[in-house]
Amino acid sequence: MVIKYLDKFPKGRNARTLWVLKPMWVTLKKMFKTTFHRPVTIMYPYEKEWLPDNYRGRPGLIYERCVGCGVCMRMCPTKCIEIVDSDDNGKKVQRPQVNLGRCMMCGYCAEYCPVNAMIVTPDYELAAFTREELIYGPRKLAWPNPTPGMEVHLEEHLLSDPERGPVAYHITDRPELNAGKCIGCTKCVKVCPTDAVEMQTVGENDKGKPIKVPKFDVSRCICCENCVIECPKGAITIKEVL
Amino acid sequence: MMPDDRTMWITMGPQHPFSHGLWTLKIRADGEIVKDAEPVIGYLHRGWEKECENRTYPLIIPMADRLCYSASMTWSHVYCKVVEEAMGIELSDRAKYLRVVADEMCRIQSHLMWLAAMGTDLGNLTVFLWALRERELFLDLNVKLCGQRLTTNYPRIGGVRNDMPFYFERDCLRVVNRFEKMIWELVAMMDESSIFLSRMQGTGIISRKDAANYGLTGPTMRGSGVDFDIRRDDPYINYDLLDWDVAVCKDCDSYGRYKVRMEEMFQSCDIIRQAMAKLESIPKTEPTRIKVPRRVPEGTHFARLEDPRGESLMYLVSDGTDKPYRLKVRSPIFVNVSASKHFVNGVRIADIPAIMGTLDMCLGETDR
């Protein structure tokens, strides 16, 4: 029998004579303490609790960084993110829109975002009168003062140790082309959010027309897998670098 | 029912204050004595295992959190463990000890939740409030470490989500030290109260042999004198490198199970302190998370660990894709509640809440 806490416990006659007085004494002490002690609760709407840096509230978006690749949409466990058309100074761009009615604040969108545009914000007061209000568009997702702690990195820490400093985020997976399957349709070029794919002429076919295959610019690729999904012939795969 | 039979079936639940969650205990009562009992579960079935088959491996971690609201850390841990075993990944020491800290924090707060529920079952509202007051500090630690109070989403395949924040060690040790002082108030309210003892001692007896035969696990089994703890007997995440004792009690009754859980809280405090000391000696440059492949090689694997409620096990069948072919959950409470007939046989109806309360019911993981 390994129950040690009872060894430290007053046993025998003494404990028995105090059988009901001891608990009453404990509660009485607590009553005096709580009467004169400062309140342990906070007046919620007027004062709010301090939140740590890695608190996971609703997702936020840093609009300028986003490239609209759709990784957040695909990684969302509850499928609450949708990529919608948005207007960036007159230019038509793709940006995420979050349905907070479904969101479960897991922080995966921020974690898997390859450009750290999705962040987790400390916003937890999300009550709304209608369901439409809960659908946060790209502009509404913005957060006034995003700090580095709100970015969650896939293979890296949070800001756990200030002395350690930020560690650069590396995307090591790369798309790979199976040239035998490629039909040169240029869909991967159109779908790439960072313009990392361009067609390259590798030769001529029997009729003298150029054969073009995509070439991936490794320095610009963020490994969003859009080209893999879009490819009609399954010619592009992701090569995992572990 | 036979016409000359004086017994009758009484249905307790699903909306009954004694059933922590949605389940029904049908009892056959002869006057006030329980002659037979039958648990009915399944009200909370939401197809968890089937849902997992449509999701890629990382997306199941937040779902595993939601199997049980107070043991979310251990459930996502056992899921990550089975995938790591299938992939053949070895964690870094830092990630291992961070998981130890997170698991033990989860164990303490889960046991405190149980103690609070136990208090209300026995009509002791003071214990409920005080236990939840202590639990709040551990939930605050959860926020600091993982970002959320209950649905922690902290373990990842190949490590943990983040390293511990700055000053977390100081805060954690302060909470643990304070908790070890304050828990004596709870002990005074429970162990020294003869009302509590008279309701706990000698009721809900399940012998050592029966406990092993019915497949009970966790504190329920150790309260019957079976000396078995997966943390010690099948060690994972460096539990074998830490110095602690398995709480075992030979009382075999409700009070024995109560004592085991109380002792486990003290032991968990010790484990947290040791793990923190070990974490200090590990350089902070060691990665807390390593990159893992997306696909799991074909095969079947299982992993088990010590949940606050017993032995939780997950069985994974993978077919080489990035989604599991089958993920089976073995819930400790499912087995423990199946033996409820033997717990309540021969006791009075008024004792049932006190006895079933010591099982620490959680229906989210039972019904899946």
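1. The largest nonpolar core of this predicted model has 102 residues, and those with the most contacts inside it are Tyr79(B), Val83(B) and Val101(B). A nonpolar core is here a set of buried Ala, Val, Leu, Ile, Met, Phe, Trp, Tyr and Cys residues joined through C-beta atoms within 7 Å, where buried requires 20 or more other C-beta atoms within 10 Å of the residue's own, with C-beta atoms placed from the backbone. Helix H4 (residues 93-121) of chain B contributes the most to this core, with 16 residues.

2. Leaving aside residues up to four places away in sequence, Tyr79(B) touches Ile60(B), Ile61(B), Ala64(B) and Met314(B), a contact being C-beta atoms within 7 Å. A second, separate core of 25 residues includes Cys69(A), Cys76(A), Met150(A) and Val152(A).

3. The contact between the chains takes 32 residues from chain A and 39 residues from chain B. On the side of chain B that touches chain A, the residues comprise 17 nonpolar, 14 charged (Asp, Glu, Lys and Arg) and 8 polar.

4. In chain A, an open sheet of 3 strands has the order S2-S3-S5, with antiparallel pairing; strands are DSSP runs (E, at least two residues), helices likewise (H or I, at least four), and pairing needs at least two bridges. Strand S2 (81-88) and strand S5 (135-136) of chain A each have a single partner strand, so one side of each lacks a neighbour in the sheet. Strand S3 (residues 91-99) of chain A is joined to S5(A) by 2 bridges, and Val98(A) has Tyr136(A) as its bridge partner.

5. Residues are numbered from 1 along each chain as its sequence is written, and chains are lettered from A in the order in which they are written. Local features need pLDDT of at least 70 and side-chain atom pairs count only at pLDDT 80 or more, whereas totals for chains, interfaces and linings use all residues.

Conventions: Buried ≥ 20, exposed ≤ 12 C-beta atoms within 10 Å, placed from the backbone. Contact = placed C-beta atoms within 7 Å.
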